[in-house]
Amino acid sequence: MNRKTNRKIAKVLVVEDHREFLQFLELALPRRGWEVITSSSGQEALDKLEHTTPSLILLDMWMPGMDGFELAQFLKTSPRYRDIPILAVTGLLSSQNQKLCLDAGCDDYVAKPFALQDLEDRMNRLLGRQPDCSNKGELRTNVKKNRPI
């Protein structure tokens, strides 16, 4: 239980091949009450899912090897994983890319760079939670440059 928000801590699997961005989320999200598991590839994510069940998956769509589209399609067709919400995280902002992400099975979409609070609001919405107002204005960042804005 997060003492600050009196809310159960949710576990999020972050699947991202860019090390700096992965490290940023690995540091920022726990400060805001999330338990974070990281993976740098689609295959590594599948391996980790064998041993843990996250509440939510943040999924980079453009990765070498098994990309986010392939992983999302697999997860949404698997009885074991299909109910885990997937938030697509990608650097490409267009309605066509958004449609591709949603068609692959992602439940929502956010484009990089984004404000951390916007990401967290989407995460909370996917989990059926109200946005946590206690963090408003606490740490807003430019993810692309990986520093506060």
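Modeller: One term before we start: two strands pair if DSSP finds at least two bridges between them. Helices (H or I, at least four residues) and strands (E, at least two) are DSSP runs, numbered from the N terminus. This is a predicted model, where local features need pLDDT of at least 70, side-chain atom pairs count only at pLDDT 80 or more, and totals for chains, interfaces and linings use all residues. Residues are numbered from 1 along each chain as its sequence is written, and side-chain values use heavy atoms, with hydrogens and water left out.

Biologist: Thanks! Which residue does V14 stand opposite in β3?
Modeller: That's L58. On β4, L58 stands opposite L87.

Biologist: And how many bridges join β1 and β3?
Modeller: 4 bridges, in the parallel sense. β3 (residues 56–60) and β4 (residues 86–90) also pair in the parallel sense, over 4 bridges, and there A88 of β4 is the bridge partner of L59.

Biologist: What's the strand order in the sheet?
Modeller: The order is β2-β1-β3-β4-β5, an open sheet of 5 strands with parallel pairing. At the edges sit β2 (34–39) and β5 (108–111), each pairing on one side only. Neighbouring strands are turned by 20 degrees against each other on average, direction ignored; the axes behind such angles are lines fitted to C-alpha atoms, for helices over the stretch in contact, and angles run from 0 to 180 degrees between N-to-C directions.

Biologist: How many helices and strands does the protein have?
Modeller: 5 helices and 7 strands. From the N terminus on, they run β-α-β-α-β-α-β-α-β-α-β-β.

Biologist: Back to β2: why do you call it largely enclosed?
Modeller: Because 5 of its 6 residues are buried, β2 is largely enclosed by the rest of the structure. Buried means under 20% relative accessible area, exposed means over 50%, and partly exposed is in between (1.4 Å probe, protein chains only).

Biologist: What does T38 touch?
Modeller: Not counting residues up to four places away in sequence, T38 touches L13, V14, L22, E26, E44 and K48. Contact means heavy atoms within 4.5 Å. As for pairing, β2 and β1 share 6 bridges in the parallel sense, and I37 of β2 is the bridge partner of L13.

Biologist: And where does α2 lie?
Modeller: Helix α2 (residues 42–49) lies across β1 (10–15) and β2, running at about 130 degrees to β2.

Biologist: Switching to helices. Which residues of α1 are buried?
Modeller: F21, L22, F24, L25, A28 and L29. They are on the same side of α1 because they cover an arc of only 155 degrees around the axis, taking the arc as that of the directions from the helix axis to the C-beta atoms. The face turned away from that buried side carries the exposed residues R19, L27 and R31. Just after α1, G33 takes a positive phi of about 95 degrees.

Biologist: What about the core, which residues have the most contacts inside it?
Modeller: In the largest nonpolar core, which has 24 residues, they are V15, I57, L59, L71 and L75. A nonpolar core here is a set of buried Ala, Val, Leu, Ile, Met, Phe, Trp, Tyr and Cys residues joined through side-chain atoms within 4.5 Å. The largest share, 4 residues, comes from α3. A second, separate core of 20 residues includes L25, A28, V89 and L119.

Biologist: Last one: where is D67?
Modeller: D67 is in the loop between β3 and α3, and at 21% relative accessibility it counts as partly exposed. D67 and S41 are 26 residues apart in sequence and 7.7 Å apart in space, C-alpha to C-alpha.
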